[in-house]
Amino acid sequence: MASSYPLTQLSLPAPSAAPAEEARQEGFELPAHTSSVARARARLRGRLQHWGFPEELAHTAQLVISEFVTNAVLHTDTVRIACRIHLDAERLRIEVTDEGTQSCAPQPRSAAPEEVNGRGLQLVGALAQRWGVSAHGGRCGRVVWAELGTADGAL
C-alpha cells in the first residue's frame with residue numbers, strides 16, 4: 001500500500017494512561033512473514049480471552065491486528081514486527097511497529113469493486129474509535145495503532 005504523505009500528518013497523541021491496577025498490557029515480536037498474521041491474531045485472541053474481553057469485540061480486534069501485521073509484512077522492508085496491546089476500562093489499544101525505512105505512512109485507498117485487496121484500512125477506520133500512525137521513536141519504522149472502545153466501559 002503506497003503512501004504519499006509524511007508520518008506527521010497522521011500522528012495523534014497517545015491516550016492518557018489508566019491507573020496501573022486497571023490497565024493490562026502485553027507485547028510480543030514476530031518475524032515479518034505472512035504466517036505471522038495468523039500468529040498475531042491467535043496471540044491477541046488468547047490474551048483477550050484471558051482478560052475476559054467480550055468475544056464480539058475480540059473479533060474486531062483480530063481484524064485490526066490482521067490488517068496492521070499484513071501491511072507491515074507486505075508493504076515495508078522490515079524484518080521483525082512488534083505488537084503491543086493495552087487494555088484499560090475504556091479502550092483496547094492495538095499497536096504494530098515495523099522497522100521499515102520508508103518515510104511515509106499507510107493510508108486508506110479506494111479499491112475498485114473488482115479488486116480483492118485495498119480496503120483494510122477503510123475497515124479499520126470504520127471499526128476503530130481512533131487510529132493513526134506515529135514515528136517509531138526517532139528510529140526507522142513506524143507504529144500503526146488503533147483504539148477500540150469497550151462495550152460498556154466496565155472491563
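Predicted model: local features only at pLDDT ≥ 70, side-chain atom pairs only at ≥ 80, totals over all residues.

Biologist: OK, Ser66 then. Buried or exposed?

Modeller: Ser66 is buried, at a relative accessible area of 11%. Its place is in helix H2, residues 55-75. Helices here are DSSP runs of H or I with at least four residues, strands are E runs of at least two, and both are numbered from the N terminus.

Biologist: Which residues does Ser66 touch?

Modeller: Not counting residues up to four places away in sequence, Ser66 touches Val37 and Arg41. Contact means heavy atoms within 4.5 Å. The side chains of Ser66 and Arg41 are also joined by a polar contact of 3.0 Å. For that term we want a pair of N or O atoms within 3.5 Å; within protein, one must be able to donate a hydrogen and the other to accept it, and residues adjacent in sequence count only if both atoms are side-chain atoms.

Biologist: Switching topic: where does Thr101 sit?

Modeller: Thr101 is in the loop between strand E3 (91-97) and H3. Thr101 is exposed, with a relative accessible area of 54%.

Biologist: And what is Thr101 in contact with?

Modeller: Asp77 and Cys140, leaving aside neighbours within four places in sequence. Thr101 and Asp77 are 24 residues apart in sequence, yet 6.8 Å apart in space, C-alpha to C-alpha.

Biologist: Which residues of H3 are buried?

Modeller: In helix H3 (residues 120-127), those are Gly120, Leu121 and Val124. They cover an arc of only 95° around the axis, so they are on the same side of H3. The arc is that of the directions from the helix axis to the C-beta atoms.

Biologist: Zooming out, what's the overall pattern?

Modeller: Along the sequence the protein reads β-α-α-β-β-α-β-β, with three helices and five strands. Of its 155 residues, 45% count as buried.

Biologist: And how much of the contact set links residues 24 or more positions apart?

Modeller: Those account for 68% of the contacts with a separation of 6 or more.

Methods: Residues numbered from 1 in each chain as written. Heavy atoms only, no water. Buried < 20%, exposed > 50% of the residue type's maximum accessible area, 1.4 Å probe, protein only.
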